[in-house]
Amino acid sequence: MFLCIPFNQVECLEANFDDPAQCAVPRNAVYADEDPTAALDLPNVTFLDLSHLMCDSERCPAIIGNVVVYFDGDHMTATWSRALAPYLDELIDWPHGSKRP
């Protein structure tokens, strides 16, 4: 699954400062119903589905927990990336059962 917002959310937030919900994107507009990575035969590659961290069941908001998610159509802000770190740590299957230092 790959999330690509079809517009610049920062510009949208600037234009809709009083109503940031206007800058959300319908989930079904950015995520496929079926995982497109499932058909790939890449035994040494692991894909992480982060959709549950980016969207609710209906929409992908521009702001989550007072943090702007994207700074353009397909790049997360550094702040949002840091906010995801603890969740990624739990999702990653670290080698030999080790954890990130």
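How much accessible surface does the protein have, and what share of that surface belongs to carbon and sulfur atoms? The accessible surface comes to about 7,100 Å², and 55% of it belongs to carbon and sulfur atoms. Accessible areas here come from the Shrake-Rupley method with a 1.4 Å probe, and for residues only the protein chains shown count as cover.

## About the model

This is a predicted model, in which local features need pLDDT of at least 70 and side-chain atom pairs count only at pLDDT 80 or more, while totals for chains, interfaces and linings use all residues. Residues are numbered from 1 along each chain as its sequence is written, and side-chain values use heavy atoms, leaving out hydrogens and water.

## Overall layout

Let's start with the fold. The protein has four helices and four strands, running α-β-α-α-β-β-β-α from the N terminus on. These elements are DSSP runs numbered from the N terminus: helices are H or I with at least four residues, strands are E with at least two.

The C-alpha trace spans about 50 × 35 × 20 Å along its principal axes. Of the 101 residues, 26% are buried (buried is under 20% relative accessible area, exposed is over 50%, and partly exposed lies in between, with a 1.4 Å probe and protein chains only).

## Two disulfides

A search of the whole structure finds two disulfides, each being a pair of cysteine sulfur atoms within 2.5 Å. With bonded cysteines counted along the chain, the pattern is 1-2, 3-4.

Cys 12 pairs with Cys 23, with 2.2 Å between the sulfur atoms. The torsion about their S-S bond is about -95°, so this disulfide is left-handed. Cys 12 sits in helix H1 (residues 9-15) and Cys 23 in the loop between H1 and strand S1 (25-26), so the pair ties together parts that are eleven residues apart in sequence. Both Cys 12 and Cys 23 are buried.

In the other disulfide, the sulfur atoms of Cys 55 and Cys 60 are 1.9 Å apart. The link of Cys 55 and Cys 60 is right-handed, with 90° about the S-S bond. Cys 55 and Cys 60 are buried as well.

In soluble globular proteins, nonpolar side chains tend to be buried together. Here, the largest nonpolar core has 13 residues, and Val 30, Tyr 31, Met 54 and Trp 80 have the most contacts inside it. H3 and helix H4 (78-91) are the elements that give two or more residues to this core. Such a core is a set of buried Ala, Val, Leu, Ile, Met, Phe, Trp, Tyr and Cys residues joined through side-chain atoms within 4.5 Å.
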